[in-house]
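Hello,

Here is the structure I promised to pass on. Please open it alongside this note. My findings follow below.

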Amino acid sequence: MNPSRKNNPAAGPSFEGYLYANLFFWTVLVLAGVVGYFTCGAIWDDVTQGAMEFLFVIVGGGFTLVSVLDYFYEIKTTGR
């Protein structure tokens, strides 16, 4: 990582920053999925499947999509 970026928040978007934010968020989603699976009785039925689809497709996919769009928006507006 470029050391000048650490001290200058106006240096523009950092792909690594977006990547780490997404990795952290998906880790939290996986942990929430494991907790949700055991909360639903540790059986795979329609309720558990619906909860996992919502968690990973809607929440996780939405977060990743917004991160990608924000990254490209930041590149466009900062000119870097």
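Start with one contact. The side chain of S67 makes a polar contact with the side chain of N22, at 3.3 Å. Bear in mind that this is a predicted model.

S67 sits in helix α3, which covers residues 46-78. Is S67 buried or exposed? Its relative accessibility is 9%, and buried means under 20%, so S67 counts as buried. Setting aside neighbours within four places in sequence, S67 is in contact with Y18 and N22.

S14 lies in a loop, between α1 (3-7) and α2 (15-39). S14 has a relative accessibility of 14%, under the 20% cut-off, so S14 is buried too. Which side chain does the side chain of S14 meet in a polar contact? The partner is the side chain of E16, at 3.0 Å.

On to the chain as a whole. The protein chain has three helices and zero strands. From the N terminus, the order of elements is α-α-α. The chain has 80 residues, and 16% of them are buried. S67 and S14 are among the buried ones.

Two totals to finish. Take the contacts in the protein chain with a separation of 6 or more: 64% of them join residues 24 or more positions apart. The accessible surface of the protein chain is about 5900 Å². Carbon and sulfur atoms account for 70% of that surface.

Best wishes

Note on methods
Residues numbered from 1 in each chain as written. Heavy atoms only, no water. Helix = DSSP H or I, 4+ residues; strand = E, 2+ residues; numbered from the N terminus. Buried < 20%, exposed > 50% of the residue type's maximum accessible area, 1.4 Å probe, protein only. Polar contact = N/O pair within 3.5 Å; in protein donor to acceptor, adjacent residues only side chain to side chain. Contact = heavy atoms within 4.5 Å. Areas by Shrake-Rupley, 256 points an atom, 1.4 Å probe, with all protein chains shown as cover.
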